[in-house]
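Hi,

Here is the structure I promised to pass on.

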Amino acid sequence: MELDLDDDLDDWSDGYLPKCLVVLRRHDTPEEKMNDQIRAQINAGHRFESFAGQRSENAIKWHIDGHDYMWAVSEMLDNARDVIFIMDWWLTPELYLRRPPAKYPEWRLDKILQRKAQQGVKVYVIVYKEVTQTMSMSSKHTKAALEALHPNIACMRHPDHIGSKDTVEFWSHHEKVVVVDNHFACIGGLDLCFGRWDTHNHPLADVHPTDFSLTLFPGQDYNNARVLDFQDVSNYVSNAVSVLETPRMPWHDVHMTICGTVVLDICQHFVERWNEVKKRKYMNDDRFEWLAFPHNVSISPDEPIARHPHRAKFHEMGRRFRQRFHLGDYDEVEPPFTPPPHGTCRVQVVRSVSDWSHGVLTEHSIQNAYIQLIRESSHFIYIENQFFISNTGSDGPVIVVIPELPGFAGDVKNESGLKTIMAAQYRTINRGGHSIYEEIRKAGYEPMDYIRFYHLRSYDRINAPIKSLISQMEKNSGVTFHEAQIALARQWEGRNYLGQDAPREVFIKVPQETQEGMVVSNQTPVKTEKVTVPTSYEAAVDVVRRFEAGSDPIPDDEYVAASVSQHALQADTSLLDELWVASAEEELNCYVSELLYIHSKLMIVDDRRVIMGSANLNDRSQKGDGDSEIALVVEDEDMIHTTMNGRPYMAARFAATLRRKLFREHLGLIPPQNVTHQKQVTWAMKPAPDPQDDDSDLPEDAAVADPLSDSMLDLWNGTARKNREIFTEVFRPVPSNLVRTWSAYENYAPKVKTGHVAPDVPLSRVKERLAQVKGSVVEAPIDFLMDEKDFVEGVDWIGLNPTLPIYI
């Protein structure tokens with residue numbers, strides 16, 4: 001197996017492009033071994049054995065949930081002058097970064113990138129090339145759609161799988177990175193793709209029968225991955241989920257915007273990846289040029305990059321974009337850029353990379369950072385993560401918030417992926433012989449005094465009284481609701497949408513009653529409704545207009561709220577005050593609940609140190625030779641006076657304010673985020689170096705300021721307990737501590753459409769109880785299936801299941 005090299009590269013003898021590529025392994029020639037040794041020496045000189053050292057005076061800003069982050073990144077992209085780097089696990093070109101889309105049509109990701117490319121900005125994108133047999137992201141569509149926009153946009157897909165010379169198995173590129181002009185950057189848990197945009201309200205409903213322009217989640221962006229994974233994502237209009245009856249799965253996440261010298265290390269990571277993928281896959285494709293590091297080693301000769309084994313070659317033949325941090329005597333920084341210092345945060349980039357992902361020997365500095373930060377903790381640890389499969393312990397109290405269920409479609413009893421991940425987490429928490437709880441009990445202590453686990457859950461009411469409103473509007477207009485829904489997505493696609501691959505019709509899955517409770521598998525029959533896609537933009541506009549007009553003879557329907565999720569926060573009114581003009585039976589059928597999916601990859605230690613990025617707490621992300629990941633360790637040197645366990649304490653502003661805001665959101669101690677009536681851009685929506693809102697004078701902030709005070713712990717645990725009791729009574733969601741065996745599961749799960757109210761609960765009781773929900777935090781039912789020993793101790797866990805590493 002050989003790779004044809006261009007003649008002008010034959011003199012490369014430093015090991016970056018070895019002349020012989022017949023063998024599949026690397027790092028075995030003298031040149032490669034020398035390069036590996038140089039990297040190892042650089043890493044050894046840094047904390048956590050990272051490729052990058054610590055950098056001071058950076059502006060780092062946290063953003064909670066997609067609404068705030070995506071507005072910030074839209075502003076960053078729009079301000080780009082020279083270059084944009086994007087690295088994503090999944091990137092959706094049709095993603096609206098500002099919403100409602102009808103109000104911000106020009107703020108769709110592909111339109112922003114096209115606009116900047118037309119202005120001369122170079123755009124470089126690397127996306128994970130998925131295993132198509134098991135994943136539905138369609139990186140092929142991402143690449144084709146982006147590169148069709150303008151020649152200044154280039155998109156790489158990596159790795160190849162079947163027939164590839166690299167042994168990649170099922171590992172993925174998992175970073176979520178944006179860099180603008182080598183000066184601003186973003187790192188965190190949010191991919192720029194469908195399903196991630198959300199507000200602090202976390203609505204489950206998005207039905208606006210009388211005014212479709214208020215839609216927040218258009219087309220495929222309305223999704224519930226637990227019920228049905230994304231389908232045919234290249235066809236934006238093909239939303240297979242019925243918004244009339246299926247709640248969306250809300251998405252909680254955190255991300256950072258960054259300004260400061262640490263951006264240079266993020267650039268280094270991107271340039272290394274870009275050039276490595278070009279070497280392996282796009283060597284002879286002129287669309288993909290080599291890149292050079294932006295660093296100026298003549299001004300800063302002590303930068304570790306000066307010793308990088310490929311810096312000189314990259315500089316010699318790669319395109320280099322300007323940096324504005326290390327400045328010469330006569331260098332000036334033009335607006336909107338500002339010269340250092342940019343902020344008060346000491347920051348270090350850490351990562352998980354290896355030969356398959358990055359062309360280097362394995363680096364697991366993220367894992368090293370997690371272990372060291374946990375071991376050095378003195379008071380308190382707060383963790384939010386998509387997964388929790390770990391055996392690292394802490395001496396101080398720990399609060400862990402993880403998803404109630406993995407975000408995959410399928411039935412937990414029969415779907416191996418769901419079952420394996422849940423079992424692995426329970427083995428970490430309280431079962432299997434060596435779990436955290438079991439080890440704490442062996443030492444003679446009560447585990448709940450040291451570490452507790454929680455989930456998030458939401459409720460809403462879908463404004464879809466089918467008999468009295470929707471059916472009447474369909475009759476009045478001659479248009480079905482689903483025809484109008486698909487026409488709206490077609491309308492937002494624009495006039496040039498209908499190419500040869502565009503669908504002429506789509507099929508929407510209408511939910512049926514199920515006893516599966518958690519998710520819908522193929523055991524539940526599926527009813528589909530065929531909908532014809534309008535053939536032109538004008539026809540789509542007309543379909544929507546005609547359906548909306550069908551409400552004209554119906555009084556008061558326009559005053560019914562499209563969502564009531566804001567009442568879990570500090571809304572001005574009560575859920576009991578919400579108007580409903582249809583029958584009580586229809587209102588009861590429109591209340592729904594769904595887990596609030598936690599996708600964060602975050603740990604806050606002692607309200608002083610933060611690690612945040614793309615890495616989950618599992619082997620895939622942490623070991624370095626699995627998924628490729630990137631994260632930041634942030635230590636703010638701006639200290640604030642507070643208390644810890646009732647004693648005076650100095651906390652770091654970045655860590656403390658982030659933890660407090662997360663607690664307040666989960667406890668319902670923040671105002672609703674109603675974007676349809678948004679009057680102004682808040683500080684939370686602005687990227688770094690713009691400052692964060694200062695909420696320290698609010699009583700709600702004071703209530704959560706001390707994470708170890710009796711009052712805060714009583715508030716947190718009391719809210720989580722009461723919320724869990726309410727959701728259990730009204731919806732009977734599973735997992736549940738009331739379900740300890742598979743037979744109990746089958747008897748407990750209500751026979752209703754997924755997420756709807758359990759049988760025999762009257763509307764008055766539903767509203768009375770849901771009006772008492774505060775925030776979204778709920779206790780984790782850690783005794784779920786406790787009496788099913790094979791669940792966590794079967795053959796899968798004694799080395800007989802070779803697929804286990806894929807899941808954990």
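Of the 808 residues in the chain, 62% are buried, where buried means under 20% relative accessible area, exposed means over 50% and partly exposed is in between (1.4 Å probe, protein chains only). Before you go further: this is a predicted model, in which local features need pLDDT of at least 70 and side-chain atom pairs count only at pLDDT 80 or more, while totals for chains, interfaces and linings use all residues. Residues are numbered from 1 along each chain as its sequence is written, and side-chain values use heavy atoms, with hydrogens and water left out.

On confidence, the mean pLDDT (the predictor's confidence in each residue, from 0 to 100) is 87 for the chain, and 87% of its residues reach 70 or more. Where pLDDT is low, the predicted coordinates should not be read in detail.

As for the overall make-up, I get 22 helices and 23 strands. These are DSSP runs numbered from the N terminus, with H or I over at least four residues for helices and E over at least two for strands. If you take contacts between residues at least 6 apart in sequence, 77% of them join residues at least 24 apart. The chain exposes about 30,600 Å², and carbon and sulfur atoms supply 48% of that (Shrake-Rupley method, 1.4 Å probe; for residues, only the protein chains shown count as cover).

Now the helix pairs. Helix 18 (residues 710–731) and helix 20 (residues 763–770) have axes that come within 10 Å and cross at roughly 165°. Axes here are lines fitted to C-alpha atoms, for helices over the stretch in contact, and angles run from 0 to 180 degrees between N-to-C directions. That angle makes helix 18 roughly antiparallel to helix 20 (under 35 degrees is roughly parallel, over 145 roughly antiparallel, 65 to 115 roughly perpendicular, the rest oblique). Helix 18 supplies E725, I726, F727, E729, V730 and F731 to the contact, and helix 20 supplies R765, V766, R769 and L770.

The other pair is helix 11 (residues 466–477) with helix 13 (residues 537–549), where the axes are 7 Å apart and the packing angle is about 120°. Helix 11 is therefore oblique to helix 13. On the helix 11 side M473, E474 and S477 meet R546, F547 and E548 of helix 13.

In helix 4 (residues 139–147), the buried residues are S139, H141, T142, K143, L146 and E147. Their cover includes helix 3 (109–118), strand 3 (122–128) and strand 4 (153–158).

D36 sits in helix 1 (residues 30–44) and counts as buried because its relative accessibility is 10%. Setting aside residues up to four places away in sequence, D36 touches H27 and L361.

M612, in strand 19 (residues 609–613), is buried with a relative accessible area of 1%. Beyond four places in sequence, M612 contacts I187, V254, H255, M256, K601, L602, A631, L632 and L658.

Cheers

Methods:
Contact = heavy atoms within 4.5 Å.
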